[in-house]
Amino acid sequence: GGRTKKVSNRSLKVIYFNANSIKGKLDDIAAAEDLYKPDIICICETKITDTFYDNELLGNKFTLYRNDRTDHGGGVLIAVKNVDHLKIANAQYGPGESVSLSLSYFDLRFDLITYYRPPCEHQLDDLESLIESTTQEHTILVGDLNLPDIDWTSNNGVAKESQRKGFHRKALSLIQRNAMRQLIREPTHVKGNTLDLV
């Protein structure tokens, strides 16, 4: 038999949440960081500009990769803990409201994308470009895609009463065509929709 590698103490913790503005939630973010002790934090709808300093969020324990919106709303960030074995090979800002990182952690290599698609956006070009631009074998996409009419629990179909069936079917096809699958199975919005995806 061959030798097995012991991989305990090599787990990588990633958390994601939709902040809907981090300014009033700094204590909540700090509490989540203290409770879960993540290596990476992905946040969507940060709603901050360059007047908000990186160290205001998590001090100096993390390096922040931000794509702020210059007007009201939106914005995304990925915070990566400053640890020896977690390396950033490449950081990309955009297309659209996104941050993409090519990461390595010991022998694991993957692309991590945090993406926000505003509900007023009526095309999928940015999302398609993001998925096509990945360089690693494994990709993790998190964010608020604002696709309320996709039913992720039953065969990943589009709701019959959808006003934009074609758009939602195209988005679902893009995700499935790239061998991605939705991990969130419960609603993420007060209206009962699953808008945030992992």
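How many of the residues of strand β7 are buried? In this predicted model, the count is 7 of 9, so strand β7, which spans residues 108–116, is mostly covered.

Strand β7 has partners to look for. One is β6, which runs antiparallel to β7, with 9 bridges between the two.

Another partner is strand β8, residues 138–144. Here the pairing with β7 is parallel, over 7 bridges. Ile113 faces Leu141 of β8 across this pairing. To get from β7 to β8, the chain passes through helix α3, residues 125–132. This β-α-β crossover is right-handed.

## Helix α3 and its buried face

Which residues of α3 are buried? Leu127, Leu130 and Ile131 are. Look down the axis of α3 and the buried residues fall within an arc of 95°, so they line one face of the helix.

An α-helix has 3.6 residues a turn, so residues three or four places apart point the same way.

Now look at what lies over that face. The cover of the buried residues of α3 includes β6, β7, β8 and α4.

## Salt bridges

The whole structure holds 7 salt bridges. Three of them are picked out here, starting with Glu33 and Lys81. Their closest N and O atoms are 3.9 Å apart. This pair links distant parts of the chain. Glu33 belongs to helix α1 (residues 26–36), Lys81 to strand β4 (residues 76–81), and 48 residues separate them. Are these two buried or exposed? Both Glu33 and Lys81 are buried.

Arg69 and Glu97 make another salt bridge, with 2.9 Å between the closest N and O atoms. Arg69 is in the loop between β3 (62–67) and β4, while Glu97 is in strand β6 (residues 97–105), so the bridge ties together parts that are 28 residues apart in sequence. Glu97 counts as buried because its relative accessibility is 13%, under the 20% cut-off. Salt bridges can also share partners: Glu33, Lys61 and Lys81 are joined into one network that way.

Lys37 and Asp34 form a salt bridge too, at 3.5 Å from N to O. Asp34 is exposed because its relative accessibility is 51%, and exposed means over 50%. Lys37, at 46%, therefore counts as partly exposed.

## Leu195 in its loop

Where is Leu195 found? Leu195 is in the loop between α4 (165–177) and β11 (196–197). Leu195 is buried, because its relative accessible area is 10%, under the 20% limit.

Which residues does Leu195 touch, leaving aside those up to four places away in sequence? They are Gly143, Asp144, Leu145, Asn146, Leu147, Pro148, Thr188 and His189. Take Gly143 as one case. In sequence, Leu195 and Gly143 are 52 residues apart. In space, their C-alpha atoms are 8.3 Å apart.

Terms used: Residues are numbered from 1 along each chain as its sequence is written. This is a predicted model: local features need pLDDT of at least 70, side-chain atom pairs count only at pLDDT 80 or more; totals for chains, interfaces and linings use all residues. Side-chain values use heavy atoms; hydrogens and water are left out. A salt bridge is a side-chain nitrogen of Lys or Arg within 4 Å of a carboxyl oxygen of Asp or Glu. Helices (H or I, at least four residues) and strands (E, at least two) are DSSP runs, numbered from the N terminus. Buried means under 20% relative accessible area, exposed over 50%, partly exposed in between (1.4 Å probe, protein chains only). Two strands pair if DSSP finds at least two bridges between them. A crossover is right-handed if, with the strands pointing away from the viewer, the path from the first strand over the helix to the second runs clockwise. Contact means heavy atoms within 4.5 Å. The arc is that of the directions from the helix axis to the C-beta atoms.
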